Amino acid sequence: MSRLELRGVTRHYGPVAALGGVDLTVPSGSLTAVLGPSGCGKTTLLRCVAGFERIGAGEITVDGRMIAGPAAHTPPQRRQIVIVPQEGALFPHLSVRDNVAYGLSRAERRRGRIDEALSLVGLAGYGERMPHQMSGGQQQRVAVARALAPRPSLILLDEPFSALDSGLRAELRHDVRAALRADGATGILVTHDQGEALSTADRIAVMREGVIVQDDSPTGVYHRPADAWVAAFVGDAIVLPAQAGTGHRGDPATVRTALGPVTVADLPAGHGPLTVLVRPEQVKITTPPAPQAVIATVIGDDFHGHDALVTLELPDGTHVTARIPAPTGPMTTGTRVGVQVEGGGRAWRDQHGTG
Ligand code: ADP
Ligand code: MG
């Protein structure tokens, strides 16, 4: 178990600020996802924590011990931190057992740590195979077993599942999470997949252009995103201009939008235009239209089995998507329906959060 802290960490490549002052706390024993688009600095962040890159400014501590700072740089082999890279992590000429044994002391090998690590990832009995005799997903499991075997205080996973198909991905991340829990390890999972982050991690650090823009629980980033960009990055978002006012419900925290009145719990202070976020699952459709509803026209319907995404044109010409659970049949294009927003939205003043 280890608590990791980064304060104001920078890393430049020539003129490029790959890390522009990263603040991040990874609680001991947690799995924290670093979620951000390609090129935002996720790999650089992991490499700085592991010690393969030197930081410019700021500091990195583990349990309060400084491992990187203004005058400190603990070499990677003395940090007790391991990285599982995206792919190609195994030695092809070594058996699975020998791959996992790499980095273990003779005493640990004798104590059965190799078999233990292999069973943690569901690969008991596979020790004698060679990497090329295993599937891609099994090879990734071996890489994780090898990383977990020496009981590192911290394990860093750099998009370890991105080469796998979705079924295998879900299974493997479930196993990896269970293995980390069983071992009490602290982990960082880097991903650009919001579904993976939301379903796997205890905390999510959303990263954009070299900085962490929100560090929160999965429900926090989904329901209380820091700005409109985070809202759209962690899920499907409907972002609409809004006017503050008493609205139809006579509630001071109700704003007016093209989708009708939306209740916001945290109306920002000040004057001027607002931007409001609601999620597609909050848009309720009524046929025939309910009396208070905004009238919209169906212009598309994507059926997904468990739900459908219905695209609607609002009276002002705006297009929005509603997520309808368990639809019994398709909605005909051109149908006029009623739409209303259920549950609370999130509001920002326009100078924030719309970029
Ligand atoms: P991510 O893992 O989120 O895709 P990276 O950390 O790999 O992002 O890269 C962040 C930025 O730093 C990118 O603009 C990338 O081009 C740049 N970068 C990364 N590594 C190097 C390097 N060794 N030399 C020069 N630029 C680099
Ligand atoms: Mg990367």
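Let's start our tour at Asp 63, which sits in the loop between strand 4 (59-62) and strand 5 (65-69). Keep in mind as you look around that this is a predicted model. What is the phi of Asp 63? It is positive, at about 50°, although Asp 63 is not a glycine. To see why that deserves a look, remember that most residues other than glycine have a negative phi, and most peptide bonds are trans.

Now step back and view the chain by its domains. The domain assignment gives domain 1, covering residues 4-228, and domain 2, covering residues 229-349. Their centres, taken over C-alpha atoms, are separated by 38 Å. Where the two domains meet, 19 residues of domain 1 are in contact with 12 residues of domain 2. Together the domains bury about 1400 Å² between them, and 65% of this lies on carbon and sulfur atoms. On the domain 1 side, Tyr 222, Pro 225 and Ala 228 stand out: they supply 44% of the area that domain 1 buries against domain 2, more than any other three residues.

Our last stop is ligand 1. Which residues are around ligand 1? You can pick out Tyr 13, Val 16 and Ala 18, and then Pro 37, Ser 38, Gly 39, Cys 40, Gly 41, Lys 42, Thr 43 and Thr 44.

Let's zoom in on some individual atoms. One oxygen atom of ligand 1 is 2.7 Å from a polar backbone atom of Gly 39. Side chains take part as well: an N or O atom in the side chain of Lys 42 is 2.9 Å from an oxygen atom of the ligand, and an N or O atom in the side chain of Thr 43 is also 2.9 Å from a ligand oxygen. Taken alone, ligand 1 exposes 560 Å², and the protein buries 57% of that.

Which elements give two or more residues to the shell around ligand 1? They are strand 2 (16-26) and helix 1 (42-50). The largest share, 3 residues, comes from helix 1.

Notes
Residues are numbered from 1 along each chain as its sequence is written. Chains are lettered from A and ligands numbered from 1 in the order in which they are written. This is a predicted model: local features need pLDDT of at least 70, side-chain atom pairs count only at pLDDT 80 or more; totals for chains, interfaces and linings use all residues. Side-chain values use heavy atoms; hydrogens and water are left out. A residue is near a molecule or strand if one of its heavy atoms lies within 4 Å of it. A polar contact is a pair of N or O atoms within 3.5 Å; within protein, one must be able to donate a hydrogen and the other to accept it, and residues adjacent in sequence count only if both atoms are side-chain atoms. Accessible areas come from the Shrake-Rupley method with a 1.4 Å probe; for residues, only the protein chains shown count as cover. Helices (H or I, at least four residues) and strands (E, at least two) are DSSP runs, numbered from the N terminus. Domain bounds come from an automatic or database domain assignment. Contact means heavy atoms within 4.5 Å. Buried area is the accessible area (1.4 Å probe) that two parts lose on being put together, summed over both.
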